[in-house]
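User: Hello! I am new to this structure and would like to understand the terms used for it. Could you walk me through them?

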Amino acid sequence: MGWVGVALLWSASVGSAHAEEPRVEVPDYKTVDSALSRTLATPSCPANGIVAFTAVGSGHVSQGAATLLGYSGAYSNVGGAWTPGGGTFIAPCAGLYVFTVSLVNDPYYNGGTNDDVYSCLTQNGESKGCAMAGQTRDGDRMTGTHTVALVLEPGDYVQSFASSDGSYKRNILRYEFTGFLVKSIGTPNP
């Protein structure tokens with residue numbers, strides 16, 4: 001997975017006057033995931049109204065600009081809105097969704113950084129916050145989790161990106177991306 005025109009900006013974290021976290025913005029969010037070439041159109045909203053997925057990945061190594069996380073497996077893909085092998089969820093129904101990303105930073109292997117490493121969520125290329133695995137010492141592993149509720153329209157994209165403070169090498173041992181439809185908007189739930 002590569003990146004296409006990803007901007008990594010910094011903003012103050014909610015509830016903290018001095019901590020900063022990256023804000024990822026991706027102008028070409030529909031073209032950044034090569035797995036999307038297998039997806040011909042927005043998935044249709046399932047008749048039963050159930051949309052949920054959990055995707056997993058491991059052994060991600062990158063550095064520099066924010067990089068789309070590719071997920072090699074999935075525990076579930078109910079409703080078919082997850083693009084297998086990629087890092088993109090495409091909303092099949094209008095509604096309120098909840099998404100969670102988590103990661104384990106492992107600086108011990110592959111020359112990974114001891115500095116902050118993030119997994120950031122974007123909606124249609126705009127930042128929606130990040131999970132942070134904070135600074136470590138002596139090769140300790142750190143974890144981070146971020147959950148957000150978003151109102152999506154059919155065809156909206158939610159993606160997750162790896163980033164770090166600067167161009168340090170990231171070694172993410174394991175990472176997960178989960179999302180589900182809480183309530184449809186405009187379509188009766190069964």
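Analyst: Gladly! Let us begin with a term: a disulfide is a pair of cysteine sulfur atoms within 2.5 Å. This is a predicted model, in which local features need pLDDT of at least 70 and side-chain atom pairs count only at pLDDT 80 or more, while totals for chains, interfaces and linings use all residues. Residues are numbered from 1 along each chain as its sequence is written, and side-chain values use heavy atoms, with hydrogens and water left out.

User: How do you know that Cys45 and Cys93 form a disulfide?

Analyst: Their sulfur atoms are 2.0 Å apart, and the cut-off is 2.5 Å, so the pair counts as a disulfide. The torsion about the S-S bond is about 100 degrees, so the disulfide of Cys45 and Cys93 is right-handed. The pair links distant parts of the chain, 48 residues apart: Cys45 sits in the loop between strands E2 and E3, and Cys93 in the loop between E6 and E7. Strands (E) are DSSP runs of at least two residues, numbered from the N terminus, and helices (H or I) need at least four.

User: Why is Cys93 called buried, and what is Cys45 called?

Analyst: Buried means under 20% relative accessible area, exposed over 50%, and partly exposed in between (1.4 Å probe, protein chains only). Cys93 has 2%, so Cys93 is buried. Cys45 has 30%, so Cys45 is partly exposed.

User: How many disulfides are there by this rule?

Analyst: The count comes to two. The other joins Cys120 to Cys130, with sulfur atoms 2.1 Å apart. Cys120 lies in strand E8 and Cys130 in strand E9, so the pair ties together parts 10 residues apart in sequence. Both cysteines are buried, Cys120 at 0% and Cys130 at 6%. Counting bonded cysteines along the chain, the pattern is 1-2, 3-4.

User: What makes Phe53 and Trp82 a stacked pair?

Analyst: Rings of Phe, Tyr and Trp (its six-membered ring) pair if their centres lie within 6.5 Å; planes under 30 degrees apart count as stacked, over 60 as edge-to-face and the rest as tilted. A search of the whole structure finds 12 aromatic pairs. For Phe53 and Trp82, the centres are 4.8 Å apart and the planes 15 degrees apart, a stacked pair. Phe53 lies in strand E3 and Trp82 in the loop between strands E5 and E6, so the pair ties together parts 29 residues apart in sequence. Phe53 is buried at 1%, and Trp82 is buried at 3%.

User: Why is the pair of Phe89 and Phe99 called edge-to-face?

Analyst: The ring centres of Phe89 and Phe99 are 5.3 Å apart and the planes meet at 65 degrees, so the pair is edge-to-face. Phe89 belongs to strand E6 and Phe99 to strand E7, so the pair ties together parts 10 residues apart in sequence. Phe89 is buried at 1%, and Phe99 is buried at 0%. Ring pairs link these residues into a cluster with others, including Tyr71, Tyr97 and Tyr175.

User: How do you know that Leu96 is partly exposed?

Analyst: Leu96, in strand E7, has 31% relative accessibility, so Leu96 counts as partly exposed.
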